[in-house]
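I opened a notebook page for this chain and set down what I looked up, in order. The entries run from the overall fold to a single side chain.

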Amino acid sequence: MKLKQLESLLGDLQQFTDPKVELEQYPTGPHIASRMLYTAENSFGDVSDKVVADFGCGCGTLATAAALLGAERVIGIDIDPQSLEIALLNAEELELDIDFVQCDVKMLGWRGRFIDTIVMNPPFGTRKKGADMDFLRLALKVASQAVYSLHKTSTRDHVKKAALRDFDASSAEVLCELRYDVPQLYKFHKKKEVDIAVDLWRFVPKSNQGQRS
């Protein structure tokens with residue numbers, strides 16, 4: 001599937017109807033989501049025929065992209081039941097088989113590394129300090145092959161240091177810097193839209209350090 005086709009399909013997905021600020025719910029735009037998964041597949045082979053999990057999947061944009069790119073199995077996990085209802089509708093509309101699980105990712109209790117690749121757009125930690133690092137810590141415990149994640153460019157040094165020093169990543173690489181369009185979703189937003197610089201990261205867990213990275 002070509003990048004433009006993937007972006008077009010993701011652009012038609014339903015998004016949050018009543019976003020929850022405490023969960024930092026913002027839609028992952030089709031521009032970012034398509035490039036994230038397209039890069040994971042075409043540069044590293046981390047999607048097709050792989051078991052892919054979308055942590056904090058929201059309305060399922062990243063999970064949908066993984067399924068469209070030929071993942072063997074896709075699991076979307078989110079704490080919010082309303083978001084998962086939308087995600088399921090999106091998957092059904094495209095006739096995709098995606099498993100959605102309502103759960104706080106910190107409470108998964110998974111044992112072993114049966115997930116090949118984790119993709120995620122975690123909370124940036126604006127409302128709850130450290131939320132982004134909680135997601136990354138768990139993802140690197142669970143993924144056997146790679147973790148793709150979005151983090152504010154302003155936190156680049158901190159993210160890299162934490163991944164390599166504290167979370168046992170064997171590598172932490174910024175693949176590109178993207179512009180995250182944050183729409184005017186909440187009452188405290190003064191502008192119709194704000195662009196935030198975000199990094200697209202690829203992390204490799206130490207369990208995979210002997211394989212291609």
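Which pattern does the protein chain follow when read along the sequence? I noted first that the model is predicted. I then read the pattern as α-α-β-α-β-α-β-β-α-β-α-β-β. The secondary structure comes to six helices and seven strands.

Next I looked up the totals for the chain. Of its 213 residues, 50% count as buried. The accessible surface comes to about 10600 Å², and carbon and sulfur atoms hold 47% of that surface. For contacts with a separation of 6 or more, I found that 70% join residues 24 or more positions apart.

I turned to the nonpolar cores. The largest has 32 residues, and Met36 and Leu37 touch the most other members. Two or more residues of this core come from each of α1 (3-11), α2 (30-44), α3 (61-68), β5 (143-152), β6 (169-183) and β7 (193-205). I also recorded a second, separate core of 27 residues, with Leu108, Ile115, Leu136 and Trp201 among them.

For Leu37 I listed the partners, leaving out residues up to four places away in sequence. Leu37 touches Val47, Leu62, Ala65, Ala66, Leu69 and Val119.

My last entry concerns Arg165, which lies in helix α6 (residues 156-166).

Methods: Residues are numbered from 1 along each chain as its sequence is written. This is a predicted model: local features need pLDDT of at least 70, side-chain atom pairs count only at pLDDT 80 or more; totals for chains, interfaces and linings use all residues. Side-chain values use heavy atoms; hydrogens and water are left out. Helices (H or I, at least four residues) and strands (E, at least two) are DSSP runs, numbered from the N terminus. A nonpolar core is a set of buried Ala, Val, Leu, Ile, Met, Phe, Trp, Tyr and Cys residues joined through side-chain atoms within 4.5 Å. Buried means under 20% relative accessible area, exposed over 50%, partly exposed in between (1.4 Å probe, protein chains only). Contact means heavy atoms within 4.5 Å. Accessible areas come from the Shrake-Rupley method with a 1.4 Å probe; for residues, only the protein chains shown count as cover.
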